Amino acid sequence: PGNEFNAYATLSAGNYGLMRAEGAVGGPITDTVGARIAVQKSVRQGYGEMIDTGLDVDDENSFGVRGKLTFNPSETFDATIVADYYKADDHTNGLHVLALTPGHVPTPTLFGYENASNPRDLAGTRPESHIRAYGVSLTANLELGSLGKLTSVSGWRRFKQDGVYDA
């Protein structure tokens, strides 16, 4: 969080319709408590398409947020809590033909997949990926004088991914 108010924001644009925004704001709340929050959102069209439907594949649609709270009540004790959340709902991780074996004779397919001009294109089942990840952690430090320092690190994390892939 820092000892002074701080903030930033960026907006990026790129090929394939990429739009990404991120920013953070933080600083002291009181003499002993500080906070910071950071957010990121990204969307992009696919690098390829489903040649049977024209829908994008290898696109991006993600969002993440992270918050941090610090507590420093004395010179001998401090604690930091961090919580985060991330989600992505896109059409990635499909299997692509990278190269054909020398001497391979292309066989006709329903959608002409082996003749696709873009190696990122797919046919058949459109891949789907849905990710949810979140967690929280606490780090606490206690100075014990000549005995040293006692540090406790605790955390909890959840990760879930659902996907559809044509193998």
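Author: Happy to! His 91 sits in the loop between strand S7 (77-90) and strand S8 (128-143), where strands are DSSP runs of E with at least two residues, numbered from the N terminus. This is a predicted model, in which local features need pLDDT of at least 70, side-chain atom pairs count only at pLDDT 80 or more, and totals for chains, interfaces and linings use all residues. Residues are numbered from 1 along each chain as its sequence is written, and side-chain values use heavy atoms, leaving out hydrogens and water.

Is His 91 buried or exposed? His 91 counts as buried because its relative accessibility is 16%, and buried means under 20% relative accessible area, exposed over 50%, and partly exposed in between (1.4 Å probe, protein chains only).

Now for its surroundings. Leaving aside neighbours within four places in sequence, His 91 is in contact (heavy atoms within 4.5 Å) with Asp 56, Val 57, Asp 58, Asp 59, Arg 126, Pro 127 and Glu 128. With Arg 126, the side chain of His 91 also makes a side-chain polar contact at 3.2 Å. A polar contact is a pair of N or O atoms within 3.5 Å; within protein, one must be able to donate a hydrogen and the other to accept it, and residues adjacent in sequence count only if both atoms are side-chain atoms.

For comparison, take Ile 51, in the loop between strand S4 (48-49) and strand S5 (56-57). Ile 51 is partly exposed because its relative accessible area is 28%. Ile 51 and Gly 124 are 73 residues apart in sequence, yet 8.6 Å apart in space, C-alpha to C-alpha.

How values were computed. Helix = DSSP H or I, 4+ residues; strand = E, 2+ residues; numbered from the N terminus.
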